[in-house]
Amino acid sequence: MTRISVRVDGASYDDDVEPRTLLVHYLREQLGKVGTVVGCDTSNCGACTVHVDGEAVKSCTVFAVQADGAEVTTIEGVGQGGELHPVQKAFHEMHGLQCGYCTPGMIMASIDLLGENPDPSDDEVREGIEGNLCRCTGYQNIVRAVRHAAADMRGNGSGPSANGHVAPAEVDTAAAPHVVGQA
Amino acid sequence: MTAVEERTGTEKEIGKARRRKEDARLITGRTTWTDNMVLPGMLHLAVVRSPVAHARIAHVDVSAAQEAPGVVAVLTGRDLAEEQGSLPCAWPVTPDMVNPGHPSIAVDQVNHVGEAVAVIVARSKAAAQDAVELADVDYEPLPVVLDMEQAVQDGADLVHDHLESNTSYHFVFDAGEAGTGADTEQAFADADVVVSRRFVQQRLIPAFMEPRSVVVQPQGDNYTMWSATQIPHILRVMLAMVTGVPEHKLRVIAPDVGGGFGGKITPTPEEVLSLLVARRLGKPVKWTETRSESLMTAHHGRDQIQFIDIAADREGNVTGLKVRLLADMGAYLRLVTPGVPVLGAFMFNGIYKFPAYRFECDGIFTNKVPTDAYRGAGRPEATFAIERIMDELAAELGMDPLELRRKNWIRAEEFPFTTVAGLQYDSGDYETATQQALELLGYDELREEQRRRRESNDPVQLGIGISTFTEMCGLAPSRVLGSLSFGAGGWEHASIRMLPTGKVEVVTGSTPHGQGHETAWSQLVADSLGVPFEDVEVLHGDTAISSRGLDTYGSRSLVVGGSAVVKAADKVIAKARRIAAHLLEASEDDLDFADGKFSVRGTPGASLGIQEIALAIFAAHNYPEGIEPSIDAEATFDPENFSFPHGTHLCAMEVDTETGFVKIRKYACVDDVGTIVNPLIVEGQVHGGLAQGIAQALYEEAVYDADGNLTTGTFVDYLVPAASDLPHFDTGNTVHTAPGNPIGAKGVGEAGCIASTPAVVNAALDAVRHLGVSDIRMPLTPERVWRAIHAGGDGGDRASARTNAQAVDSSDAPSTTGGAR
Amino acid sequence: MIPAPFEYARPTTVDEVLQALAEGGEDVKVLAGGQSLIPVMRLRLAAPETVVDLGRVAELRGVREEDDAIVVGAMTTHSDVLADPLIRQYAPLVAEATATVADRQVRHRGTFGGALVHADPAGDLPAVALALDADFVIAGPEGRRTIGASEFFVDYLTTAVQEGELLVEVRLPKLAGSWGMHYAKFNRVAQAWSIVAVAAAVRREDGRIAEARIGLTNMGPTPLRARQVEEALAGAEATPEAVAAAAAHAAEGTEPSSDLNAQADYRQHLATVLTRRAVSTAAGL
């Protein structure tokens, strides 16, 4: 056992862990932070993405001992004062999730991306979340959500956030005219 | 809530892009996946799995594992042989279908890599996994059967040596014999043109994002099972039948489930084993798979070899279609394994007016993990074959592929149309959908660019692929399922509980795993009952709450389950009407019901809301004689026909002829899924389906090596596409309501997946057909495309050695190795 | 899955690392970023007795300028490499290749030195290091030694770093003259490793290619230099035809593997196409 001290989502923890304990298992099993999930064992799917000292990492590919002394943020800690993070809001607004299993990791990766590039293009978003697999959405609404959040976080009235109350299906898809005609 | 979503009196919920109710818990990580469950005293299971594809089990020694720290018990197949029963197959597609039985844990023989041979029960997950490596199993190898075409030869090695052959069944549908079409042999004898092709539907892995997980809690002789399943209701019945735990002592809960796509549609060996272990030890247990376990042992999909012959006259009128399939069952039959190709049997004719049709399918055993449903189940295979062969026929005739389709498809005025396969297509307009899709794609411009690239001999060629599809979904009319020997019906159940405060609980038997039932059902009920969307709560996935149901698959939820909800709401209104008449002192016939209120015709101001009636009937101080004091209601809906979504999918594809790399330039589709309850959800379903259909065309393939090890055993080698690997989709809809259900919906969950695959492959072929290429095997790896261009053929087999980058395959299963590389 | 248990050491200096390696016995593994090691341990394809974590060895991190070289600490993460102005200025090929490594999460943890010592033939950085004639500084019980890239990559997943030794830094020579560079990576999906990739650095002089250095990824058990191409390019006219003619030699002498992603003959074909494209881009054609 090795003693570690970590701050997770704003609270401090001192715990004994086996060196082999993966950060994700420490979070889930010792801290009960089950919002972060495991989707694979080869670092491909990104479902377990959290931030360690402000950087997105795959918590299934980090030992808990490596996070000793670090500040960890999970999906459970990204909201501020009861408010959702703009990226969380955008995933909801733009229907950027279906089953929701990849969503925590996808949101954490997206926040990391927007920290580096506050105004990404569609292609930049697609590349920015290439480490996260989603099997439900086909990614298109995730891309929309990330760009929507980006505009929101920039406080940019001319971005998609200006139309925040309009359904994505009515914003930028050809579905709109066909759907609108429905009785 | 944002401004546009505030209800303004009569504004309809159906058709509105409601944001999902489900999201709040999912975007915050405050939800319940099965693996999140922790129960006092809970033990953890790990499964020792066979590293060989076919062998007799000579000896199992688990003594070292038994002694390992933290290990509570180790159970072998021998220990559980008497009580494990056989995993059920609900679909004997022919009277003489051979079902070898499906043990949850191997006793004497293993028939695929990854089959369970022992179960470790330990205090922690780590202790259980550590002990897996200590189990010592001796295997006497048997010949491995992997190739279907070899497996059906006389004298072939057998998967099950107590059977006479590797063929489980031979299923035939002959339109001439069925009286739904002309004689097929004659049609081919008379044909001007016959085109024959062999297509391969590669083996796929559903690869839902949430690995499967099971928790079982015994309480006396009662058991509660939480499972990441699509089918809690069916699972409960099947577990009762398999294990002998009486059905009423068993409660199954599917909490939030992270995707299924058919992959969670079957009772699994691990569900049975978890129940057996919990029963034996009297302790709660949990089993959660790793991704490698999932890819290796959760059922696979597709895997057919298709021999397709099409007959036509010189003008391009199709005159006959013959389909012969070899369908890989894998080593055993799971819930609907044999039925998957049969679900396709009636769809190979697609949207075309074939006068003659014959379908034959052999279900074949191999030493691979069983196949079962995967998004579309039978219909993607059929759609692929017909949409590919139509292109081949067009090439043979020198016709434009779209013109050939147009010449043969059912015209809008011909609906309802009974096809050569005997199905009655409900509604649609293929021409309009096609026109809109062509506009979305910018078809003419791309054709012009294609011409330029060809003329300049550009190394990057452009092609446009077409798929005009329909599918049968909304599974299903119970009587039809009965006529096909399916073991259950296809109805769905719902109930509505009107709470005293006017809030509404809707209980649905259709169990979601990402589809957004809670939102869409709320919209249905809000419209039906005239109550606010926010006042509706949808309950599901727990057999103690939702007692009757047949769950979610086959694009059935809205069509069948949603219809049951609407029917239940109708009954609530009917019951409330009597109360309203009583309280308003009016005749029932004089009451109008609109916007949630009963009002007396001709008496302004005399009205009573249904939510007020809920309170009044809760108090029950004043209600008519002779009725029960309740306006709750339930309904079971059983459709009389399938529904038939259709659409036109167009793909523009760039092919780098120097490297074989293919890249989708643009993808456009117009789908008709009937009434759209929530356009956001519909669009999302189409997007997700497209991603999976495109992935079949371009990326995914379960590859086994010559020994029967799954080479694509991790996400390093089984290529689920990421955002950067997929294009933007331009989607649209036409709406022709389905006549067969009160909503008018046709089903959307599988459409994108069914339609897109042939559009993508046709596009690649259209780009290089002038270079002499007429087929490329899926997935279109760059290597296959390059070989097809430069060496002919369909690109051939891939090497089955795993990639050299941190990969693993099932030959590295934990029970056999441990050392450093 | 959960890795097998191991002893854990977390030294803070290179000397302590060497001591830990010496004490760790036969089956000791160095944990750099862990992005290759941890998955392999999770699958229990590796089960070292001891893991020596370099995470606290501050002296192994960072990029600095030293005379005619850029010195990259072995524990510098891919993200830090990408953000580094010296790398951008003097070794854009490294930045370009690093940007293609896995995904942003992996690049936050994965390290420059770790990727090179792992020496996966499908990894992107080895061929770049080889093309740039990087020098590798290795610390051991006897002190430090420096070897060239051509001697560093020994075999499949094997480098010149011996048991008890540690790669501490990599020296990338500042290239003099007018160099253009390009890394042409070919893979099927974003996350996948290279099927084949080509690292090209080209110096142009008076409309000619004065000098070219070509590194090949995944064309054999180790990264390779395409020497025949380099020779054919030296002094050649900077024309598409001359580049194509030279690139046709790219696969000569290579013995790439046949696996799920590609068979050997296809890899050899790809090498010629990608070499032509990489050199053309690097030469500004």
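**Figure 1. The contact between chain A and chain C.** The contact draws on 24 residues of chain A and 25 residues of chain C, where two residues are in contact if their C-beta atoms, placed from the backbone, lie within 7 Å. On the side of chain A that touches chain C, β4 (55-58) and α3 (103-116) of chain A each supply at least two residues. Helices (H or I, at least four residues) and strands (E, at least two) are DSSP runs, numbered from the N terminus. β4(A) provides the largest share of the side of chain A that touches chain C, namely four residues. By class, the residues of this side of chain A divide into seven nonpolar, ten polar and seven charged. Here Ala, Val, Leu, Ile, Met, Phe, Trp, Tyr, Cys and Pro count as nonpolar, Asp, Glu, Lys and Arg as charged, and the others, Gly among them, as polar. This is a predicted model, in which local features need pLDDT of at least 70 and side-chain atom pairs count only at pLDDT 80 or more, while totals for chains, interfaces and linings use all residues. Residues are numbered from 1 along each chain as its sequence is written, and chains are lettered from A and ligands numbered from 1 in the order in which they are written.

**Figure 2. The elements of chain A.** Chain A contains seven helices and five strands. Along the sequence, the elements of chain A follow the pattern β-β-α-β-β-β-α-α-α-α-α-α. Of the 183 residues of chain A, 67% count as buried. A residue is buried if 20 or more other C-beta atoms lie within 10 Å of its own, exposed if 12 or fewer, and partly exposed in between, with C-beta atoms placed from the backbone. Among the contacts in chain A with a separation of 6 or more, 57% are between residues 24 or more positions apart.

**Figure 3. The two domains of chain A.** The domain assignment of chain A gives domain 1 (2-76) and domain 2 (86-167); such domain bounds come from an automatic or database domain assignment. The centres of domain 1 and domain 2 of chain A, taken over C-alpha atoms, are separated by 23 Å. The contact takes 15 residues from domain 1 of chain A and eleven residues from domain 2 of chain A. On the side of domain 1 of chain A that touches domain 2 of chain A, the elements that give two or more residues are β3 (49-52) and β4 of chain A. β3(A) gives the most to this side of domain 1, with three residues. The side of domain 1 of chain A that touches domain 2 of chain A has seven nonpolar, seven polar and one charged residues.

**Figure 4. Chain B as a whole.** Chain B has 22 helices and 28 strands. Its radius of gyration is 28 Å, close to the 28 Å that the globule rule gives for 821 residues, so chain B is as compact as a globular protein of that length. The radius of gyration is taken over C-alpha atoms, and the globule rule is 2.2 Å times the number of residues to the power 0.38. The C-alpha atoms of chain B fill a box of roughly 85 × 75 × 50 Å, taken along the principal axes. Of the 821 residues of chain B, 63% count as buried.

**Figure 5. Strand β2 of chain B and its partners.** Strand β2 (residues 55-61) of chain B runs antiparallel to strand β4 (residues 109-110) of chain B, and two bridges join them. Two strands pair if DSSP finds at least two bridges between them. R56(B) stands opposite Q109(B) in β4(B). β2(B) also pairs in the antiparallel sense with strand β6 (residues 136-141) of chain B, over six bridges. In that pairing, D61(B) stands opposite D136(B) in β6(B).

**Figure 6. The surroundings of V420(B).** V420(B) lies in the loop between β16 (417-418) and β17 (424-425) of chain B. V420(B) is buried, because 25 other C-beta atoms lie within 10 Å. The C-alpha atoms of V420(B) and T180(B) are separated by 5.2 Å, although these residues are 240 residues apart along the chain. Leaving aside neighbours within four places in sequence, the contacts of V420(B) include A175(B), T180(B), N349(B) and F354(B).
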